Amino acid sequence: MYKVALVDDHTLLSEAIAGLVRRFENFEVVNVSVNGRELVDFIEANPDMQPDVVLMDVKMPVMGGVETTQYLTKHYPEIKVLALSVEEEEGVVMQMIRAGAKGYLLKDTRKSILEQALNEVLEHGYYYTNTVERIVKKTERLKDQEIVLKEREIEFIKHACTEMTYKEIAEKMFLSPKTIEGYRESVFQKLGLKNRTGLVIYAIKNNIFVP
């Protein structure tokens, strides 16, 4: 049986999701927490009940989803985090992926998709839906192509995976903003990507950037 933990400050919703997961084959819910701090305390106090997967809300008090995911990625890298949120903004999705989340689901997802996501993230290591899934599929196809990135382009990609703005990246690389724009356009064109989220996913999946 795979162990699942849920983190969400909306208690009724988290209990309802926990009820769904308990009906899935090969899954048991070992913990329902209202914030990341509560989950971390549970894991540290109950090492034998460490979850295989955590369904993580993004915006919570005390210790939010991004901070908690970063903590788990650093201290418990074997735990897979699946973001489960109402947030669809690219910036929020990117924050969670950059923090180490292995998937991103919206809370209005169907029961069958949730079950599939849990199985996929355990079997293959990643699961994404909607726009994020299309970006991931594109980065998977890119693996089969021979793409040559220059050393400075790789350096740019690593910086782009952080929260730095393009202007800050220019300052960090001692280049003009216009030159950085050139790097961005060149990299996007080579990789067939249209936004920074896709770039972050590509970098993570190709070990250019490690969350």
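**Figure 1. Surroundings of serine 14 in the predicted model.** Apart from neighbours within four places in sequence, serine 14 is in contact with Leu6, Asp8 and Val32. The model shown here and in the following views is a predicted one. Serine 14 belongs to helix α1, which covers residues 11-22. Its relative accessibility is 2%, and serine 14 therefore counts as buried.

**Figure 2. Packing of helix α2 against helix α3.** Two packed helices are described by the angle between their axes and the distance between the axes. For helix α2 (residues 36-45) and helix α3 (residues 65-75), the angle is about 25° and the axes are 9 Å apart. The two helices, α2 and α3, are therefore roughly parallel to each other. On the α2 side, the contact is made by Gly36, Leu39, Val40, Ile43 and Glu44, and on the α3 side by Thr68, Tyr71 and Leu72. By residue type, the contact of α2 with α3 comprises 5 nonpolar, 2 polar and 1 charged.

**Figure 3. Valine 40 within helix α2.** Valine 40 is located in helix α2. With a relative accessible area of 1%, valine 40 is buried, because the limit for buried residues is under 20%. When residues up to four places away in sequence are not counted, valine 40 touches Met63 and Tyr71. The C-alpha atoms of valine 40 and tyrosine 71 are 8.6 Å apart in space, while the two residues are 31 residues apart in sequence.

**Figure 4. The aromatic pair of phenylalanine 156 and tyrosine 166.** The count of aromatic pairs in the model comes to 3. One of the aromatic pairs, formed by phenylalanine 156 and tyrosine 166, is stacked, with 6.2 Å centre to centre and 15° between the planes. Phenylalanine 156 is in helix α7 (residues 151-160) and tyrosine 166 in helix α8 (residues 166-172), so the pair ties together parts that are 10 residues apart in sequence. Phenylalanine 156 has a relative accessibility of 0% and counts as buried, whereas tyrosine 166, at 23%, counts as partly exposed.

**Figure 5. Phenylalanine 156 with tyrosine 183.** The ring centres of phenylalanine 156 and tyrosine 183 are 6.5 Å apart and the ring planes lie at 20°, so this pair is stacked. Distant parts of the chain are linked by the pair, since phenylalanine 156 lies in helix α7 and tyrosine 183 in helix α9 (residues 177-191), 27 residues apart. Tyrosine 183 has a relative accessible area of 18% and is buried. Through ring pairs, Phe156, Tyr166 and Tyr183 are linked into a cluster.

**Figure 6. Arginine side chains over the ring of tyrosine 166.** The charged end of arginine 184 sits over the tyrosine 166 ring, 4.9 Å from the ring centre. The charged end of arginine 196 also sits over the ring of tyrosine 166, at 4.9 Å from its centre.

**Figure 7. Histidine 159 in helix α7.** Histidine 159 is part of helix α7. Its relative accessible area is 14%, and histidine 159 is buried. Leaving aside neighbours within four places in sequence, the contacts of histidine 159 are with Met164, Ile169, Lys172, Met173 and Arg196. Between histidine 159 and glutamate 25, the C-alpha to C-alpha distance is 42 Å in space, and the two are 134 residues apart in sequence.

Notes
Residues numbered from 1 in each chain as written. Predicted model: local features only at pLDDT ≥ 70, side-chain atom pairs only at ≥ 80, totals over all residues. Heavy atoms only, no water. Helix = DSSP H or I, 4+ residues; strand = E, 2+ residues; numbered from the N terminus. Buried < 20%, exposed > 50% of the residue type's maximum accessible area, 1.4 Å probe, protein only. Contact = heavy atoms within 4.5 Å. Axes fitted to C-alpha atoms, helices over the stretch in contact; angles between N-to-C directions. Parallel < 35°, antiparallel > 145°, perpendicular 65-115°, else oblique. Nonpolar A, V, L, I, M, F, W, Y, C, P; charged D, E, K, R; others polar. Phe/Tyr/Trp six-rings, centres within 6.5 Å; stacked < 30°, edge-to-face > 60°. Lys NZ or Arg CZ within 6 Å of the ring centre and 35° of its normal.
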